[in-house]
Amino acid sequence: MTADPQPTFGSGGAEPYARALRREGRLQLVRSDAPDVADLAAADLDAFDVARWSRGADVADLSTILDASSVLDIGCGPARMVRAAVDRGLGALGVDVSVTAVAMAVDAGLPVVAGSVFDALPGEGTWDVALLLDGNIGIGGDPTALVARASSVVAPSGSVVVETATDPAVDVAYDAQVVDEQGRASATFPWAEVGREALGRHAAAAGLRVSQTWSVGRRTFCRLVRAS
(Lines give C-alpha, C1' and ligand atoms only; values in the text may rest on other atoms or scores of the structure.)
Protein backbone atom coordinates (compact mmCIF):
# COMPACT_ATOMS: atom_id res chain seq x y z
CA MET A 1 0.00 0.00 0.00
CA THR A 2 1.38 3.41 -0.96
CA ALA A 3 1.39 6.38 1.36
CA ASP A 4 -1.13 9.16 0.90
CA PRO A 5 0.71 11.72 -1.30
CA GLN A 6 -1.31 14.59 0.17
CA PRO A 7 -2.11 13.85 3.81
CA THR A 8 -5.23 15.56 5.09
CA PHE A 9 -6.96 15.98 8.44
CA GLY A 10 -6.60 12.78 10.46
CA SER A 11 -5.41 10.61 7.57
CA GLY A 12 -2.64 8.04 7.69
CA GLY A 13 -2.21 4.51 8.91
CA ALA A 14 -3.61 5.05 12.40
CA GLU A 15 -6.69 6.92 11.08
CA PRO A 16 -7.65 8.33 14.48
CA TYR A 17 -10.24 10.64 12.90
CA ALA A 18 -12.07 7.76 11.24
CA ARG A 19 -11.98 5.76 14.48
CA ALA A 20 -13.28 8.71 16.48
CA LEU A 21 -16.13 9.31 14.05
CA ARG A 22 -17.27 5.69 14.28
CA ARG A 23 -16.93 5.50 18.06
CA GLU A 24 -17.75 9.12 18.98
CA GLY A 25 -14.37 9.61 20.60
CA ARG A 26 -12.26 12.67 21.33
CA LEU A 27 -9.22 14.00 19.49
CA GLN A 28 -6.45 16.49 20.06
CA LEU A 29 -5.01 18.64 17.28
CA VAL A 30 -1.30 19.17 17.90
CA ARG A 31 1.72 20.59 16.12
CA SER A 32 3.73 17.74 14.66
CA ASP A 33 6.94 19.18 16.13
CA ALA A 34 5.56 18.85 19.67
CA PRO A 35 7.62 16.42 21.80
CA ASP A 36 6.33 12.87 22.22
CA VAL A 37 3.29 13.33 20.02
CA ALA A 38 2.22 9.72 20.50
CA ASP A 39 2.03 10.27 24.27
CA LEU A 40 -0.16 13.36 24.11
CA ALA A 41 -3.35 11.46 24.97
CA ALA A 42 -2.26 11.65 28.59
CA ALA A 43 -1.32 15.34 28.44
CA ASP A 44 -3.43 18.19 29.76
CA LEU A 45 -4.43 19.57 26.35
CA ASP A 46 -7.70 20.84 24.92
CA ALA A 47 -9.57 18.07 23.12
CA PHE A 48 -12.53 18.27 20.82
CA ASP A 49 -15.53 16.00 20.90
CA VAL A 50 -15.95 14.47 17.45
CA ALA A 51 -19.45 13.31 18.40
CA ARG A 52 -20.62 16.94 18.21
CA TRP A 53 -20.17 16.80 14.45
CA SER A 54 -22.71 13.96 14.24
CA ARG A 55 -25.35 15.71 16.35
CA GLY A 56 -27.90 18.22 15.14
CA ALA A 57 -26.84 21.77 14.33
CA ASP A 58 -26.99 24.12 17.31
CA VAL A 59 -27.99 27.78 17.54
CA ALA A 60 -24.51 28.97 16.62
CA ASP A 61 -24.40 26.65 13.60
CA LEU A 62 -27.82 27.78 12.41
CA SER A 63 -26.81 31.44 12.55
CA THR A 64 -24.56 30.79 9.55
CA ILE A 65 -27.39 29.78 7.20
CA LEU A 66 -30.30 31.93 8.40
CA ASP A 67 -30.58 33.95 5.17
CA ALA A 68 -29.13 31.39 2.78
CA SER A 69 -30.90 29.95 -0.26
CA SER A 70 -28.32 27.23 -0.88
CA VAL A 71 -25.36 25.93 1.13
CA LEU A 72 -22.07 24.27 0.27
CA ASP A 73 -20.40 22.87 3.40
CA ILE A 74 -16.63 22.53 2.91
CA GLY A 75 -15.08 19.86 5.13
CA CYS A 76 -18.58 18.75 6.08
CA GLY A 77 -17.67 15.71 8.17
CA PRO A 78 -20.81 13.64 8.91
CA ALA A 79 -22.77 16.59 7.45
CA ARG A 80 -24.77 18.11 10.28
CA MET A 81 -24.91 21.43 8.40
CA VAL A 82 -26.07 19.71 5.22
CA ARG A 83 -28.85 18.09 7.23
CA ALA A 84 -29.77 21.45 8.77
CA ALA A 85 -29.95 23.05 5.32
CA VAL A 86 -31.99 20.21 3.83
CA ASP A 87 -34.40 20.28 6.78
CA ARG A 88 -35.00 23.97 6.00
CA GLY A 89 -35.73 23.31 2.35
CA LEU A 90 -32.43 24.73 1.10
CA GLY A 91 -30.28 23.40 -1.69
CA ALA A 92 -27.27 21.79 -0.03
CA LEU A 93 -24.13 19.82 -0.68
CA GLY A 94 -21.27 18.70 1.53
CA VAL A 95 -17.71 17.89 0.47
CA ASP A 96 -15.12 16.06 2.56
CA VAL A 97 -11.91 14.11 1.98
CA SER A 98 -12.73 11.59 4.73
CA VAL A 99 -14.12 8.37 3.25
CA THR A 100 -15.62 7.50 6.64
CA ALA A 101 -17.35 10.86 7.07
CA VAL A 102 -18.77 10.76 3.54
CA ALA A 103 -20.01 7.20 4.03
CA MET A 104 -21.79 8.19 7.25
CA ALA A 105 -23.47 11.11 5.53
CA VAL A 106 -24.49 9.11 2.48
CA ASP A 107 -25.87 6.33 4.69
CA ALA A 108 -28.02 9.01 6.33
CA GLY A 109 -29.37 10.01 2.92
CA LEU A 110 -27.54 13.34 2.75
CA PRO A 111 -26.09 14.89 -0.44
CA VAL A 112 -22.32 14.70 0.07
CA VAL A 113 -19.42 14.14 -2.32
CA ALA A 114 -15.97 12.79 -1.56
CA GLY A 115 -13.03 14.98 -2.47
CA SER A 116 -11.21 18.23 -1.86
CA VAL A 117 -12.63 21.72 -2.17
CA PHE A 118 -9.87 22.26 -4.72
CA ASP A 119 -11.38 19.57 -6.97
CA ALA A 120 -14.11 20.40 -9.48
CA LEU A 121 -17.41 20.56 -7.57
CA PRO A 122 -21.06 20.34 -8.60
CA GLY A 123 -22.78 23.71 -9.00
CA GLU A 124 -19.62 25.80 -9.02
CA GLY A 125 -20.43 29.49 -9.21
CA THR A 126 -24.04 29.03 -8.11
CA TRP A 127 -23.96 28.43 -4.35
CA ASP A 128 -25.31 31.17 -2.11
CA VAL A 129 -23.18 30.41 0.95
CA ALA A 130 -20.02 28.34 1.35
CA LEU A 131 -19.22 27.29 4.91
CA LEU A 132 -15.83 26.89 6.57
CA LEU A 133 -16.82 25.94 10.12
CA ASP A 134 -15.22 23.95 12.96
CA GLY A 135 -11.73 25.25 12.26
CA ASN A 136 -11.90 24.37 8.56
CA ILE A 137 -10.24 27.66 7.64
CA GLY A 138 -7.16 25.56 8.43
CA ILE A 139 -7.66 23.18 5.49
CA GLY A 140 -4.49 22.98 3.42
CA GLY A 141 -2.52 25.36 5.63
CA ASP A 142 -3.03 28.32 3.23
CA PRO A 143 -6.03 30.42 4.32
CA THR A 144 -5.68 32.93 1.47
CA ALA A 145 -5.82 30.21 -1.18
CA LEU A 146 -8.69 28.50 0.64
CA VAL A 147 -10.97 31.53 0.88
CA ALA A 148 -10.17 32.44 -2.72
CA ARG A 149 -11.23 28.96 -3.82
CA ALA A 150 -14.34 29.03 -1.62
CA SER A 151 -15.32 32.37 -3.13
CA SER A 152 -15.00 30.93 -6.63
CA VAL A 153 -17.68 28.30 -5.99
CA VAL A 154 -20.35 30.75 -4.78
CA ALA A 155 -22.48 33.00 -6.99
CA PRO A 156 -21.29 36.58 -7.62
CA SER A 157 -23.68 37.76 -4.91
CA GLY A 158 -22.80 34.86 -2.60
CA SER A 159 -20.64 34.74 0.50
CA VAL A 160 -18.17 32.59 2.42
CA VAL A 161 -18.84 32.15 6.14
CA VAL A 162 -15.75 31.38 8.21
CA GLU A 163 -15.66 30.32 11.85
CA THR A 164 -12.57 31.95 13.30
CA ALA A 165 -10.20 30.94 16.08
CA THR A 166 -10.88 31.99 19.67
CA ASP A 167 -7.82 34.27 19.70
CA PRO A 168 -8.80 37.12 17.35
CA ALA A 169 -5.19 37.93 16.43
CA VAL A 170 -3.86 34.41 15.80
CA ASP A 171 -2.56 33.80 12.28
CA VAL A 172 -0.35 30.73 12.07
CA ALA A 173 0.24 27.85 9.67
CA TYR A 174 1.99 24.64 10.70
CA ASP A 175 2.24 20.90 10.18
CA ALA A 176 -0.23 19.14 12.47
CA GLN A 177 -1.41 15.74 13.61
CA VAL A 178 -4.52 14.55 15.38
CA VAL A 179 -4.10 12.17 18.31
CA ASP A 180 -6.83 10.02 19.83
CA GLU A 181 -7.42 8.97 23.43
CA GLN A 182 -5.22 5.89 22.96
CA GLY A 183 -2.31 7.97 21.68
CA ARG A 184 -2.66 6.96 18.03
CA ALA A 185 -1.43 9.78 15.81
CA SER A 186 -2.41 10.58 12.24
CA ALA A 187 -0.03 11.35 9.42
CA THR A 188 1.24 14.92 9.36
CA PHE A 189 -0.86 17.40 7.39
CA PRO A 190 -0.74 21.16 6.73
CA TRP A 191 -3.08 23.23 8.92
CA ALA A 192 -3.69 26.83 9.95
CA GLU A 193 -5.46 28.85 12.64
CA VAL A 194 -6.88 32.28 11.87
CA GLY A 195 -8.63 34.75 14.18
CA ARG A 196 -11.16 37.35 13.10
CA GLU A 197 -8.63 40.18 12.98
CA ALA A 198 -6.20 38.18 10.86
CA LEU A 199 -8.92 36.87 8.55
CA GLY A 200 -9.36 40.32 7.04
CA ARG A 201 -5.80 40.20 5.69
CA HIS A 202 -6.34 36.84 4.01
CA ALA A 203 -9.66 38.04 2.62
CA ALA A 204 -8.08 41.17 1.12
CA ALA A 205 -5.29 39.14 -0.46
CA ALA A 206 -7.97 36.97 -2.10
CA GLY A 207 -9.97 39.94 -3.40
CA LEU A 208 -12.58 39.67 -0.65
CA ARG A 209 -13.70 41.73 2.34
CA VAL A 210 -15.33 41.02 5.68
CA SER A 211 -18.93 42.24 5.44
CA GLN A 212 -20.20 40.93 8.78
CA THR A 213 -18.84 39.54 12.04
CA TRP A 214 -20.92 38.00 14.81
CA SER A 215 -20.57 35.75 17.85
CA VAL A 216 -22.84 33.16 19.42
CA GLY A 217 -21.56 32.05 22.79
CA ARG A 218 -17.82 31.46 22.47
CA ARG A 219 -17.90 30.99 18.69
CA THR A 220 -17.20 33.80 16.22
CA PHE A 221 -18.04 33.94 12.51
CA CYS A 222 -17.15 36.26 9.65
CA ARG A 223 -18.91 36.65 6.32
CA LEU A 224 -16.67 37.27 3.31
CA VAL A 225 -17.92 38.79 0.07
CA ARG A 226 -16.20 39.94 -3.12
CA ALA A 227 -14.44 43.25 -2.62
CA SER A 228 -15.82 44.73 -5.83
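This is a predicted model: local features need pLDDT of at least 70, side-chain atom pairs count only at pLDDT 80 or more; totals for chains, interfaces and linings use all residues.

Reader: Which residues is Arg-196 in contact with, leaving aside its neighbours within four places in sequence?

Author: Arg-196 sits in helix H6, residues 196-205 (helices are DSSP runs of H or I with at least four residues, strands are runs of E with at least two, and both are numbered from the N terminus). Arg-149 is 47 residues from Arg-196 in sequence, and their C-alpha atoms are 19 Å apart. Neighbours within four places aside, Arg-196 has as its contacts Thr-164, Pro-168, Thr-213, Thr-220 and Cys-222.

Reader: Is Arg-196 buried, exposed or partly exposed?

Author: The cut-offs are under 20% relative accessible area for buried and over 50% for exposed, with partly exposed in between (1.4 Å probe, protein chains only). Arg-196 has a relative accessible area of 40%, so the label is partly exposed.

Reader: In E11, what is the bridge partner of Thr-213?

Author: Strand E10 (residues 208-216) runs antiparallel to E11, and eight bridges join the two (strands pair if DSSP finds at least two bridges between them). In the hairpin they make, two residues lie between the strands, and Gly-217 has a positive phi near 60°. Within this pairing, the E11 partner of Thr-213 is Cys-222.

Reader: How many disulfides does the structure hold?

Author: Cys-76 is buried at 6% relative accessible area, and Cys-222 is buried as well, at 0%. A disulfide would be a pair of cysteine sulfur atoms within 2.5 Å. The number of disulfides in the structure is zero.

Reader: Which strands stand at the edges of the seven-strand sheet?

Author: The sheet is open and mixed, in the order E5-E4-E3-E6-E7-E11-E10. Neighbouring strands are turned by 20° against each other on average, direction ignored. Inside the sheet, E3 and E6 pair in the parallel sense over three bridges, with Val-71 opposite Val-129 in E6. Each edge strand has a single partner, so one side is left without a neighbour in the sheet, and these strands are E5 (112-114) and E10.

Reader: What covers the buried residues of H3?

Author: Helix H3 (residues 80-87) has Arg-80, Met-81, Val-82, Ala-84 and Ala-85 buried. The helix lies across E3, E4, E6 and E11, and runs at about 170° to E4; after H3 comes Gly-89, with a positive phi near 75°. The cover includes helix H2 (59-62) and the strands E3 (70-74), E4 (91-96), E6 (127-132) and E11 (219-226).

Reader: How far apart in space are Val-59 and Val-216, C-alpha to C-alpha?

Author: Val-59 belongs to helix H2 and is exposed, at 63% relative accessibility. In sequence, Val-59 and Val-216 are 157 residues apart, while in space their C-alpha distance is 7.7 Å.

Reader: At what angle do helix H1 and helix H4 pack, and how far apart are their axes?

Author: Axes are lines fitted to C-alpha atoms, for helices over the stretch in contact, and angles between N-to-C directions run from 0 to 180 degrees. For H1 (residues 16-23) and H4 (residues 99-107), the values are about 25° and 9 Å.

How values were computed
Residues are numbered from 1 along each chain as its sequence is written. Side-chain values use heavy atoms; hydrogens and water are left out. Contact means heavy atoms within 4.5 Å.
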